[in-house]
Amino acid sequence: MSQTSTAGPTHRLVPSPAGRVHLVEQGEGPLVLLLHGFPESWYAWRHQLPVLAAAGYRAVAVDVRGYGRSSRPAAVADYRMLALVEDGVAVVEALGEESAVVVGHDWGASIAAVSALVRPDVFRAVGLLSVPYTPPGGPRPTDVFAAMGGDEEFYVSYFQEPGRAEAEIEPDVRGWLAGFYAALSAGGRADSSFVARGGSMRDRFPVGRLPQWLSEADLDVLAGEFERTGMTGALNRYRAMDRDWADLADFAGAALTQPSLFLAGGLDASLTWLADAVEAFPVTLPGLTSHHILEECGHFVQQERPAETGRLLIEWLAGLPAWAFASRRER
């Protein structure tokens, strides 16, 4: 893909099954759809948008359902994976395209993986950042996470009860986010994903410092959206996990066969409790063509190491077969 000059990012609202998706796009060329994780927004991809655009791609970062200016339906069931896949398909269609490469971080990686699994006709290559692919199936997710805490409570279980995490976060969104980002970044606390019985998550967050990758201005942007919307839309993704388990039963054990990328930070705790998933990649990700672990990097890989992430994405994209980028306009 040749280098090209591009204008700045453009904000748009496009229709979706839930009402609307807010997206930010930059560049022209093959479509690369970027999906963020918790607790972020399209802004998590602010460094990669211009880099991908300059390399000749149409980079599009969305606010996932429940976040930012995208729709925030009330029912937990509206945050199931299949609904989020439909949002992604709606974005591709609204942009006049037939297919896209989908890249996700954290929950966005899981959404990207399921999108590629159930709609391979639309999502022809998939990039996963920080969270490895785990095929559907196995025990019920809430049972798995409930067993992980031992004498404490794993954060996913802590998020299950509606209103509980909101009561901790929403009185001080900015302070909570600062602590959460610091805890999961390089130099954070390994035990921050577990909650003492009767305690709160922020009890173990670093106090009084931001991670190196996050400026006060960046935090203003990220916190400002959640202060406006509240946290329930974002947290409902966790509360829909057992619905996903039922919805995707027919895909139990299924491999992702599209060309794929996995990129994570070497200090990311996700690589500890999901180590078996990474080891299974030869079976579960037979199309894996790019696999990188960045040393001294935590969970927020595309923000902690933006230059390396951009370079590795472009190298991977450049090596994809032409059919991965087929679009309506080219046919």
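Modeller: An axis here is a line fitted to C-alpha atoms, for helices over the stretch in contact, and angles run from 0 to 180 degrees between N-to-C directions. Helices (H or I, at least four residues) and strands (E, at least two) are DSSP runs, numbered from the N terminus. Bear in mind that this is a predicted model, where local features need pLDDT of at least 70, side-chain atom pairs count only at pLDDT 80 or more, and totals for chains, interfaces and linings use all residues. Residues are numbered from 1 along each chain as its sequence is written, and side-chain values use heavy atoms, with hydrogens and water left out.

Now the pair: helix 7 (residues 173-184) packs against helix 8 (residues 216-229) at about 120 degrees, and their axes lie 9 Å apart. Helix 7 and helix 8 are therefore oblique to each other (under 35 degrees is roughly parallel, over 145 roughly antiparallel, 65 to 115 roughly perpendicular, the rest oblique).

As for what touches what (contact means heavy atoms within 4.5 Å), helix 7 brings Val173, Arg174, Leu177, Ala178 and Tyr181. Helix 8 meets them with Glu216, Leu219, Asp220, Leu222, Ala223, Phe226 and Glu227. That contact divides into eight nonpolar residues, no polar ones and four charged; Ala, Val, Leu, Ile, Met, Phe, Trp, Tyr, Cys and Pro count as nonpolar, Asp, Glu, Lys and Arg as charged, and the others, Gly among them, as polar.

Stepping back, the protein has 15 helices and 10 strands, and its C-alpha trace spans about 60 × 45 × 40 Å along the principal axes.
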